[in-house]
Amino acid sequence: MVKHQPLQVYEKQVFVSFVTGIYGCRWKRYQRSQDDSSKWECTWFIVLCSSFFLLLFWAYFWLVAQNDFNDFNWSVYNRSGEWRDETIPILASTTVGFSYITFLMILALFHISLGQQLNLYWVHKIGVLATLLTTISGVISVDDIWGDEWDILLVSLQSTAPFLHIGALATVTAIGWLVAGYVVRRERSNFQVMVLLIYIIILLALYLLPLTFTCPCIMDRHTLKPRPDVIGRRGAPMLAPENTMLSFNRALQHGASSLEADVTLSVDGVPFLMRDHTLRRTTDVSKVFPARQHDDASFFNWTEIRSLNAGHWFLESDPYWTVETLTAKDRSRIGNQTVCSLVEMLRLAARANSSALLNIRKPPPEHPHYRSWFMDTLWAVQKAGISQKRVRTVTWTPDTDRGRVRGFQQTANEKLSVAEIRQRGITSLTLHYSKANHRDIQEYLANNVSVTVYPVNEPWLYSILWCSGVPSVSSDAPQVLRKVPYPIWLMSQTAYNFIWISSDLVSLAIVIGIFSFQKWRMSGMQNYNPEQIMLSAVTRRTSRDVNIMKEKLIFSELNNGLSSTEELSLYPENGYARYSHGGLSR
């Protein structure tokens with residue numbers, strides 16, 4: 001009786017060893033297997049895929065949320081009472097986690113492509129699980145602290161959807177190689193059919209997905225409206241401390257057409273500029289008046305407020321990561337800044353022939369000027385010598401007080417119908433970008449209602465608002481938007497339709513080609529005659545040719561059901577091939 005010996009491959013497989021070694025710590029040949037992966041390992045592969053897609057979503061969110069990083073830190077500050085840049089650890093952990101999970105995903109796909117059994121190493125299992133749980137906890141925390149920011153995902157798709165579509169189409173088309181290699185095997189199963197149907201559904205959905213896109217920059221360039229005016233939101237707070245004279249000067253120097261400020265009334269009736277309810281974050285009140293650092297800013301008199309330094313905090317906390325780019329002279333000027341009064345800001349705007357947008361906070365009921373808050377603000381405007389027609393106010397008060405706000409252009413910071421706008425006597429709206437969609441903007445402009453969108457700090461957001469016809473935006477970064485003389489991309493509907501249809505056709509042709517090639521390749525291996533291999537293997541062969549014949553012999557042995565007394569052996573070490581059946585040999 002001739003003993004059956006399994007076929008062996010003796011040449012080095014460096015790439016396979018690298019892939020299986022890092023993924024499953026299987027560096028040796030005998031540790032690897034081409035058997036089907038166990039259900040447990042398939043489950044871990046599903047966990048790995050889930051982690052990858054969740055981290056992809058998470059990383060994309062933080063990529064587009066750069067527009068609002070300062071608002072996120074401010075939200076955290078309002079909860080904790082301590083200012084710290086929470087975006088740095090989030091970005092660092094997201095980058096590390098996404099890189100790690102992406103690398104494991106690539107290795108897993110190589111396993112599938114090479115026909116290797118999936119066997120994730122236990123250290124990686126712990127890493128994947130830790131990354132997944134950390135990301136889930138991050139999503140829950142952001143939803144609690146900064147839940148409104150999720151809207152930026154839909155807003156960003158107005159700019160990125162055409163490009164993400166092409167990237168997704170290329171990825172799914174490439175995955176077709178793995179799907180085809182799995183479903184064209186001779187043996188058939190319900191799971192194979194299910195995998196094929198899911199792949200086809202995903203592919204068809206991607207082909208038709210552009211029908212759902214709403215991209216303002218897909219338009220005729222001749223209908224593009226004039227460039228939106230840029231309003232310096234609290235000046236230019238990336239270059240100087242917010243709501244200071246230096247910040248407003250920097251905004252005007254970088255092309256801001258208007259200035260926006262937050263107005264609070266001091267206990268002795270002087271309107272001054274302060275975003276927060278307290279003075280802790282943007283002044284040194286904790287050093288000068290430590291016992292009163294948690295008091296409302298409106299309960300300090302103007303002399304006390306003026307004595308505080310409003311610049312050191314900017315140099316110490318570096319809220320926009322820009323301090324390193326400043327000159328020594330700029331840092332010196334920043335270090336000497338004080339709290340700015342409303343009169344000073346308005347006089348600067350008048351000298352620059354600019355306008356002003358004021359967010360006026362009504363003082364608490366126990367404030368001595370609670371009933372005269374608006375008259376005190378109006379007095380400051382008159383004292384500044386600026387025309388009331390060039391001052392827009394957003395009063396954080398009930399509509400019952402709006403009738404007292406006369407002489408100014410009144411602005412609401414909430415989304416209203418055209419009928420409500422006319423009823424309330426409002427002439428313009430100041431809306432968060434998540435509330436300003438293309439259709440509503442067109443309706444407001446058609447009814448002579450001016451719209452200002454805030455905060456707009458990134459060129460991509462500025463571009464889609466420009467294409468939507470927004471007349472003005474409020475920005476923390478006028479120096480950035482100044483460098484955007486034209487939308488970052490603009491395309492006609494005809495041109496995009498051509499790109500879309502062409503991409504779909506190319507993808508379809510590649511997928512059909514992949515499936516046809518895989519079917520031809522598999523059928524060739526399964527139908528090869530072992531005797532033909534024996535006859536063609538008499539002559540000396542290269543190692544590559546011998547390996548190909550081994551694969552064909554394996555498939556033939558499985559399909560023809562050779563008995564245990566039959567022996568198939570190839571000897572690549574001497575370049576000859578031998579097929580033995582009851583003693584036949586060479």
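This is a predicted model: local features need pLDDT of at least 70, side-chain atom pairs count only at pLDDT 80 or more; totals for chains, interfaces and linings use all residues.

Q: What is the handedness of that link?
A: The link of Cys217 and Cys467 is right-handed, with 95° about the S-S bond.

Q: Which parts of the chain does the pair tie together?
A: Cys217 lies in the loop between helix H7 (190-208) and strand E1 (229-233), while Cys467 belongs to helix H17, so the pair ties together parts that are 250 residues apart in sequence.

Q: Is Cys217 buried or exposed? And Cys467, buried or exposed?
A: Cys217 counts as buried at 1% relative accessibility. Cys467 also counts as buried, at 6% relative accessibility.

Q: What about Cys215?
A: Cys215 is in no disulfide; the nearest cysteine sulfur is that of Cys217, 8.2 Å away. Because its relative accessible area is 10%, under the 20% cut-off, Cys215 is buried. Cys25, in contrast, is partly exposed, with a relative accessible area of 31%.

Q: Back to H17. At what angle do the axes of H6 and H17 cross?
A: The axes of helix H6 (residues 151-183) and helix H17 (residues 459-468) cross at roughly 70° and come within 9 Å. That angle makes H6 roughly perpendicular to H17.

Q: Which residues of H6 and H17 meet?
A: From H6, the residues are Ile152, Val155, Ser156, Gln158 and Ser159, and they meet Trp460, Leu461 and Ile464 in H17. By class, the contact of H6 with H17 has five nonpolar, three polar and no charged residues.

Q: Now H1 and H4. How do their axes cross?
A: The axes of helix H1 (residues 14-24) and helix H4 (residues 87-114) come within 10 Å and cross at roughly 130°. H1 is therefore oblique to H4. H1 passes H4 in a left-handed crossing.

Q: Which residues make the contact of H1 and H4?
A: H1 contributes Phe15, Val16, Val19, Thr20, Ile22 and Tyr23. H4 contributes Phe103, Leu104, Leu107, Ala108, Phe110, His111 and Leu114. By class, the contact of H1 with H4 has 11 nonpolar, two polar and no charged residues.

Q: Changing topic: where does Leu348 lie, and what does it touch?
A: Leu348 lies in helix H13 (residues 342-351) and is buried, with a relative accessible area of 6%. Not counting residues up to four places away in sequence, Leu348 touches Met245, Phe248, Asn249, Leu252 and Leu259. Leu348 and Ile386 are 38 residues apart in sequence and 9.5 Å apart in space, C-alpha to C-alpha.

Q: On to the backbone. Is the peptide bond from Tyr454 to Pro455 cis or trans?
A: The bond from Tyr454 to Pro455 is cis, with omega near -25°. Pro455 lies in the loop between strand E8 (450-454) and H17.

Q: What is the phi of Arg234, and what is that of Asp318?
A: Arg234 has a positive phi of about 60° although it is not a glycine. Asp318, also not a glycine, has a positive phi of about 45°.

Q: Where do Arg234 and Asp318 lie?
A: Arg234 lies in the loop between E1 and helix H8 (245-253), and Arg234 is buried, with a relative accessible area of 8%. Asp318 lies in the loop between helix H11 (312-317) and helix H12 (328-335). At 18% relative accessibility, Asp318 counts as buried.

How values were computed: Residues are numbered from 1 along each chain as its sequence is written. Side-chain values use heavy atoms; hydrogens and water are left out. Axes are lines fitted to C-alpha atoms, for helices over the stretch in contact, and angles run from 0 to 180 degrees between N-to-C directions. Helices (H or I, at least four residues) and strands (E, at least two) are DSSP runs, numbered from the N terminus. Angles under 35 degrees count as roughly parallel, over 145 as roughly antiparallel, 65 to 115 as roughly perpendicular and the rest as oblique. Contact means heavy atoms within 4.5 Å. Ala, Val, Leu, Ile, Met, Phe, Trp, Tyr, Cys and Pro count as nonpolar, Asp, Glu, Lys and Arg as charged, and the others, Gly among them, as polar. A disulfide is a pair of cysteine sulfur atoms within 2.5 Å. Buried means under 20% relative accessible area, exposed over 50%, partly exposed in between (1.4 Å probe, protein chains only). A crossing is left-handed if the near helix is turned anticlockwise from the far one by less than a right angle, and right-handed if clockwise.
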